[in-house]
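This report describes the fold of one protein model. Please look at the sequence and the structure before reading on.

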Amino acid sequence: GGEVSARIKAILKDLGIANDVVRRLSIANFEAEMNVIMYADEATLELCILPAAVQVTLTDRGQGIPDIELAMQAGWSTATEAMRQRGFGAGLGLPNIKKNTDEFAIESTVGVGTTLRYSVHLN
């Protein structure tokens with residue numbers, strides 16, 4: 001976990017994106033990546049660097065989220081005991097993504113998967 005978010009961080013730094021934007025996106029990307037590792041069968045991440053913002057779309061195939069409103073509450077988690085023993089499952093993933101981005105949207109279908117869309121403005 002963390003390989004994809006680290007690669008994106010390097011790309012953003014190479015492009016001269018402001019450190020604050022890189023930091024915020026790194027947090028959001030790491031949280032999203034860990035959710036994929038823990039809950040999805042596979043996923044794709046699309047990174048779009050536009051003049052006004054950096055946009056990320058992450059689409060996974062997996063179990064989906066039965067109650068998005070509940071999943072957005074800090075501290076709520078469906079992590080297994082094994083996940084918790086590895087230091088995950090604090091229930092901060094989705095709330096941290098939303099907190100560190102300027103735009104955030106989530107769609108999910110149980111038994112199908114989840115799509116996250118988020119962006120951070122460059123100005």
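The model is predicted: local features need pLDDT of at least 70, side-chain atom pairs count only at pLDDT 80 or more, and totals for chains, interfaces and linings use all residues. Residues are numbered from 1 along each chain as its sequence is written, and side-chain values use heavy atoms, with hydrogens and water left out.

Helices (H or I, at least four residues) and strands (E, at least two) are DSSP runs numbered from the N terminus. Two strands pair if DSSP finds at least two bridges between them.

Four strands, in the order 1-2-4-3, form an open sheet with antiparallel pairing. Strand 1 (40-49) and strand 3 (103-109) are its edges, each pairing on one side only. On average, neighbouring strands are turned by 10° against each other, direction ignored. Strand 2 (residues 53-62) and strand 4 (residues 113-121) are joined by 9 bridges. In this pair, L58 stands opposite L116 in strand 4.

Contact means heavy atoms within 4.5 Å; axes are lines fitted to C-alpha atoms, for helices over the stretch in contact, and angles run from 0 to 180 degrees between N-to-C directions.

N100 lies in the loop between helix 5 (93-99) and strand 3. Why does N100 count as buried? Its relative accessibility is 8%, and buried means under 20% relative accessible area (1.4 Å probe, protein chains only). Leaving aside neighbours within four places in sequence, N100 is in contact with R23, R24, I27 and V120.

Definitions and conventions:
Buried means under 20% relative accessible area, exposed over 50%, partly exposed in between (1.4 Å probe, protein chains only).
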